[in-house]
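Let's take a look around this protein together. Keep the sequence and the 3D view open while you read.

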Amino acid sequence: MAVSGVVICAAIAWLSMLAGNATGIPPVLLALIVGAALAHRFDVDPLGEGVNFTVRTILRTGIALIGVRLSVAQIAELGISTVLVAAGGVLLMLSAGTVIAMAFGLPRGRSILSAGAVGICGASAALAISTVLPPHPAQERQTVTTVALVTALSTAAMLIYPLIGRMLGLGQLETGIFFGASIHDVTQVAGAGAMVSPATTTAAVATKLVRVSCLAPVVAAILFLGARRGAAAADAGAPPAIPVFLVGFALIAAAANFGLLPPPLRGFLSASATFCLVAATAALGMKTSLRLLLAEGWRPLAAMTAQTLLLAAYVIGCIFLFKM
């Protein structure tokens, strides 16, 4: 039954991506809804082995493949001030953003998950961070909720932020920096930029790449700090091993930036990364009860909305302060 579960998740991913291209709805959100609906309507327990394989192995493969999207050349063109503002937003979320979520009553691990998703690259970051957080019974449910909320907020930002940029009188470059440093998912960053101009899209995506480049070091840091905390509590323990998918992320990013991957292959690997992440999200949906998701209440949404607003305010403040 292992193959059957993988095939079902892959089919949901493929259909979600087709529907997303046709409707503009994020494929991750569609896959999550379809997966959860299937689990609600049918007995998916016989597919469990394949679903678990998708959540573990295919998810990690997708995270490693994201490395192909990094472009050091594009990041270098931004200038040091833009790079520092974008990286500063990531640090702000991991610090103040985590505190905000905890103030709303979310557990520490859940708060880090939410802050990382908002600060780095949305659903991709949530899925990556969830793989290195200490396991607990509610982890999959919390990951699903985080993915759904960060995708919905990112889509809302894609529609609203172009209006805010116009109201504030931001130029095309400033607007692109605003989008890239504050909108959660790469797809929505590009979508918002396309609503303004090609120059804005270029600046937005390049700025977003700064945040994406933080994914591997942040995940490694969370793993290391969590392992140290656990070792201190146990008064023993070896240093944590770097996950293979993070090594893969770094190697693929290096190969792409040294020109070792031809453009067609880079495009294929990037599309494969999206497919793997959408399939893993479908699998998470199949492992999660709709009733339990609704039982999460208002706190996760309120915390993530507050984090989103803080990040947007920080970026706008930096743009006006540094005259970017």
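## A walk through the helices

Ala-31 counts as buried, because its relative accessibility is 0%. Here, buried means under 20% relative accessible area, exposed means over 50%, and partly exposed lies in between, with a 1.4 Å probe and protein chains only. Before going on, note that this is a predicted model, in which local features need pLDDT of at least 70, side-chain atom pairs count only at pLDDT 80 or more, and totals for chains, interfaces and linings use all residues. Residues are numbered from 1 along each chain as its sequence is written, and side-chain values use heavy atoms, with hydrogens and water left out.

Ala-31 sits in helix H2. Helices (H or I, at least four residues) are DSSP runs, numbered from the N terminus. Leaving aside neighbours within four places in sequence, Ala-31 is in contact with Ile-12, Ser-16, Val-278 and Ala-282; contact means heavy atoms within 4.5 Å. Other residues are buried in H2 too, including Val-28, Leu-30 and Leu-32.

| Helix | Residues in helix | First to last C-alpha | Expected span |
|---|---|---|---|
| H2 | 15 residues | 21 Å | 21 Å |
| H3 | 18 residues | 25 Å | 26 Å |

H3 covers residues 48-65 and has a kink of about 35°, centred on Thr-54. That bend is the angle between axes fitted to the seven residues ending at a residue and the seven starting there. Thr-54 is also one of the buried residues of H3, a list that includes Gly-50, Val-51 and Val-55.

Now for H9 (residues 172-182). Eight of its eleven residues are buried, so H9 is largely enclosed by the rest of the structure. Among those buried residues are Phe-178 and Phe-179. They pack as a group against H5, H8, H10, H11 and H16.

H5 (residues 80-103) holds Thr-98, which is buried with a relative accessible area of 7%.

For a contrast, is Trp-298 buried or exposed? Trp-298 counts as exposed, because its relative accessibility is 53%. You'll find Trp-298 in the loop between H15 and H16. Trp-298 and Phe-104 are 194 residues apart in sequence and 9.6 Å apart in space, C-alpha to C-alpha.

## The largest pocket

Rolling a probe the size of a water molecule over the atoms shows where empty space is left. On a 1 Å grid over the protein atoms alone, a pocket is an open set of points where a 1.4 Å probe fits, with protein on both sides within 12 Å along at least five of seven lines; lining residues have an atom within 4 Å of a point. The largest pocket has a volume of about 600 Å³. Its lining has 27 residues, and those closest to the centre are Pro-27, Val-28, Thr-187, Gln-188 and Thr-274. H1, H2, H7, H8, H10 and H14 each give two or more residues to this lining.

Ser-124 is in H7 and is buried at 13% relative accessibility. Ser-124 and Thr-274 are 150 residues apart in sequence, yet 9.1 Å apart in space, C-alpha to C-alpha.

Technical notes. The expected span of a helix is 1.5 Å times one less than its number of residues. Grid points are joined across faces, edges and corners, and a volume is the space filled by probe spheres set on the points.
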